[in-house]
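Please look at the sequence and the model before reading on.

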Amino acid sequence: MHHEAPIVDFLGLNFNLSNVLMITVASAVVFIIALLSTRRMAMKPAGMQNFFEWIMDFVKNIINSTMDWKTGGRFHILGLTLIMYIFISNMLGLPFAIVYDHTLWWKSPTADPVITLTLAAMVVGLSHYYGVKLKGVGEYGKDFFRPMPFLFPLKIIEEFANTLTLGLRLYGNIYAGEILLTLLVGGLAHAGVGGMLAAILPTIVWQGFSIFVGSIQAFIFCMLTMVYMAHKVSHDH
Amino acid sequence: MLTNSLVLGAAGGGFNGGDILYQLVMFIILLALLKKFAWGPLMGIMQQREEHIASEIEAAEESRAEAKKLLEEQRNLLKEARTEAQGLIESAKKQGDVQREEIIAAARTESDRIKESAKLEIEQQKEQAVAAIREQVASLSVLIASKVIEKELSAADQEKLINEYIQEAGEKR
């Protein structure tokens, strides 16, 4: 039950090989789904194309609820990639966790704070980039002193708080889900026949709930990304 | 035992810079791939569909307007044809009236002419008959005179003779 992380030192950087594996798998799954959906494209959509167009419309609606499409359109592909990648990542850890030689290989990549904080930092960084790009350095800088100049320190704190909450919310939800699944399956189910029987029902319930939480978290991550973007990009805030 | 398994997500010792880098790179690659293979073409086709629908609606509206225009045209043509036919009938009627008048007038003059000529002929005939009678009377009186001279009769006889001749002349005629 002691789970090690397979960490390798390469060029002075620590690589968690399980993370590397799961990031690759999640990306590959997302890419394969996208590729299958758009293999046969037609003016009259059918099958998987409908599904993918539904996802695109979903993300489009998220963007439209926070800013107008003229400025928000450029974030469509970002939101699409985020929501699909995070959803698939959240789902990957649910069916099983592969432990080989006391090292944990198969899990949700989003159950690692490093991964989620990386995504969050990337999103916040992008929001600053687009803020400067679309409004100019002057307007972007002035935004830190609005609506009141004395709020400037709070604005600075807000940026870090945004990054932390965005990353840790996702991490916490998924990690908690996996911990409880590990406890139910790895702990209770190993404690004899009675324990195994007792573990079945809560495991099923918790897995269902985890699917729900995983979907909601993917949605929330995408939604908040667009909210932060709109905050930096639009003029009326 | 359980506390150990709780380090599921923790990275252990050291800074996990490699994961961060790898995640970033993979995300950007995934983004680029999705954009190239899924998002781009799908957006294209969605755009195309939008345009198609818009153009279809436009075409439908256009053809509707055209149909309306044609209908109006046909209606006008029909109306025109109807009035034309009405006019034709009207003029034909008028012409018929005129013709009738003409024919009647011609017949009248013709009959007048025939009547005139018939009268003239009758007059001529009468004159001819009167002339013939006059001639006959003259020759008869010459005849009677010659008879009277021939016989030298008494008055009674003379009368009787004259009557005889007159009767004779009447019978002859």
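At what angle do helix α1 and helix α2 of chain A pack? Their angle is about 120°, and their axes lie 8 Å apart. The model is predicted, so local features need pLDDT of at least 70 and side-chain atom pairs count only at pLDDT 80 or more, while totals for chains, interfaces and linings use all residues. Residues are numbered from 1 along each chain as its sequence is written, chains are lettered from A, and side-chain values use heavy atoms, without hydrogens and water.

**Helix packing**

- Helix α1 of chain A spans residues 17–37, and helix α2 of chain A spans residues 48–66.
- In α1(A), A:I33, A:A34, A:L36 and A:S37 meet A:M48, A:Q49, A:F51 and A:F52 of α2(A) (contact means heavy atoms within 4.5 Å).
- This contact of α1(A) with α2(A) has six nonpolar, two polar and no charged residues.

**Cavities**

- Two cavities of 30 Å³ or more are present (on a 1 Å grid, points where a 1.4 Å probe fits but cannot get out).
- The largest cavity holds about 60 Å³ of space.
- Its lining (residues with an atom within 4 Å of a point) includes A:N90, A:L94, A:S108 and A:E178.
- Helices α6 (152–187) and α7 (192–233) of chain A each give two or more residues to the lining of the largest cavity (helices are DSSP runs, H or I, of at least four residues).
- The largest share of that lining, four residues, comes from α6(A).
- By class, the lining of the largest cavity has three nonpolar, six polar and one charged residues.

Notes. 1 Å grid on protein atoms, 1.4 Å probe; cavity = no way out; pocket = protein on both sides within 12 Å on 5 of 7 lines; lining within 4 Å. Points joined across faces, edges and corners; volume = space filled by probe spheres on them. Nonpolar A, V, L, I, M, F, W, Y, C, P; charged D, E, K, R; others polar. Axes fitted to C-alpha atoms, helices over the stretch in contact; angles between N-to-C directions.
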